[in-house]
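Dear colleague,

I am passing on a structure that you have not worked with before. Please open it first and then read the notes below beside it.

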Amino acid sequence: MHDDTKCLKVPVANGTFASLSVPVHRASTIVFDSVEAYQNRRSAIYDGYSYGLYGTPTARTLENAIAAIEGASRALVLPSGFAAIALTTLTFAAAGQRVLFPDNAYDTVRPFADRFLGRLGIKPLFYDPLIGGNIESLLDSSVQLVWVESPGSMTLEVQDIPAITSACRAKGILTAADNTYATPLRCKPLALGVDISVCAASKYISGHSDVVMGSIAVNDEAIFRQLKDHSRFLGQGVSADEASLVLRGMETMAVRLDRCEQTALSLLDLLVSHEAVREVRHPALSSNPGHVFWMRDFTGSTGLITLFLEPWTAPVLAPAVEAMKQFAIGASWGGTKSVVAVLDQPPLRTATASPHDGPVVRLSIGLEHSDDLAASLQQGLDILLSVRATAKTGK
Ligand SMILES: *Cc1c(COP(=O)(O)O)cnc(C)c1O
């Protein structure tokens, strides 16, 4: 053999080797022992391996891990949380039919519904997230899929998921949940009657703000195969490297969530009692919309807090947020480091009114010490109050 060829025909090292961590199996081409096995490769898309895009041992291990915590028989991973939402919607909606979304859905849902689903003739309808069993009045024969998201983006209303899923089941309508806020450790949508549970693994599951991924978990083999087929038709898959990062994040998700939850809870008093804050949203607060459903259906909360500020704080909102040095300004959340996001004004809603007319700020509490976060928040809040003092003295 020439050296040129030796560089390619590398003998794999012998000996048993078992790493405690899940190996990273990078692959586009997957090799087969025989022509027959190669020709049968398409049947391997659901369980075996046929092409790197459709699954590697690393991605399958992650899928099995996610299925286990969701209480699902099957899971698949997608390149982002939104890819999982889009795939689910496109798989189960047809032209001329309706898909229902809660009015507080993740913000990319609305332009996707209006500008993309609309182009395909699929008719989106946004509903009041607190509709509960009254959703029945919206369920005519044109409805094919109903989404829930609980707590919902930014305003954190908790939905009565069992009431919604039982109304949908009675009419044979599929339901899908965006379970990103709670993660499968705090809520198991499939146990509440939901057919399809979706997570943005970019948030708490991966947990370090350095990877984007989505997951879909189901208990029905036919639904799983339809989703898997369509992920292939849309060319969607994940790399083994990123699957490995998510697996690593999952190992500490339970302790991270406990810590984020405890710190968030410890900060609520300071926020609730502050003059510049009109309302605090966090599902553990008895005043949070749908708190009773959270008590009934969830095993805990996480580190997201939304603040509705008094309208008079608007002129100093930017310097106040910028003064909170422990909070990075950014859109995503669920990582180790605390993040603050300022909601676009006004938040777009069509089925319900915006809860408040003042600025809206979302905090994602990370793993920093609660004293440091409290001091940082206090700094921002003091700046908000300064404008009030100025107004009062007429300066
Ligand atoms: C971030 C997020 C998504 C989208 O996830 P990406 O991985 O960023 O695409 C979907 N739903 C919710 C509730 C989210 O917070």
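**Helix 10**

In helix 10, the residues Met253, Arg256, Leu257, Cys260, Glu261, Thr263, Ala264, Leu267, Leu268 and Leu271 are buried, where buried means under 20% relative accessible area, exposed over 50% and partly exposed in between, with a 1.4 Å probe and protein chains only. The model is a predicted one, in which local features need pLDDT of at least 70 and side-chain atom pairs count only at pLDDT 80 or more, while totals for chains, interfaces and linings use all residues. Residues are numbered from 1 along each chain as its sequence is written, and side-chain values use heavy atoms, with hydrogens and water left out.

Helices (H or I, at least four residues) and strands (E, at least two) are DSSP runs numbered from the N terminus. Helix 10 covers residues 253-272, and its 20 residues reach 28 Å from the first C-alpha to the last, close to the 28 Å expected at 1.5 Å a residue (the expected span being 1.5 Å times one less than the number of residues). Helix 10 also bends by about 25 degrees at Ser266, the bend being the angle between axes fitted to the seven residues ending there and the seven starting there.

Seven strands form an open sheet with mixed pairing, in the order 1-7-6-5-4-2-3; two strands pair if DSSP finds at least two bridges between them. Strand 1 (74-78) and strand 3 (123-127) stand at the edges with a single partner strand each, so one side of each is left without a neighbour in the sheet. From one strand to the next the twist averages 20 degrees, with axes that are lines fitted to C-alpha atoms (for helices over the stretch in contact) and angles that run from 0 to 180 degrees between N-to-C directions.

Within this sheet, strand 2 (residues 98-102) and strand 4 (residues 143-149) pair in the parallel sense over three bridges, and Val99 stands opposite Leu145 in strand 4. Helix 5 (residues 109-117) packs on the sheet, touching strand 2 and strand 3, and its direction makes about 150 degrees with that of strand 3; contact means heavy atoms within 4.5 Å.

**The five-stranded sheet**

Five strands form an open sheet, again with mixed pairing, in the order 8-9-12-11-10. Two bridges join strand 10 to strand 11 (residues 339-342), and these strands run parallel, whereas strand 11 and strand 12 (residues 360-364) pair in the antiparallel sense over four bridges. Val339 has Ala328 as a bridge partner and Ser364 as its bridge partner in strand 12.
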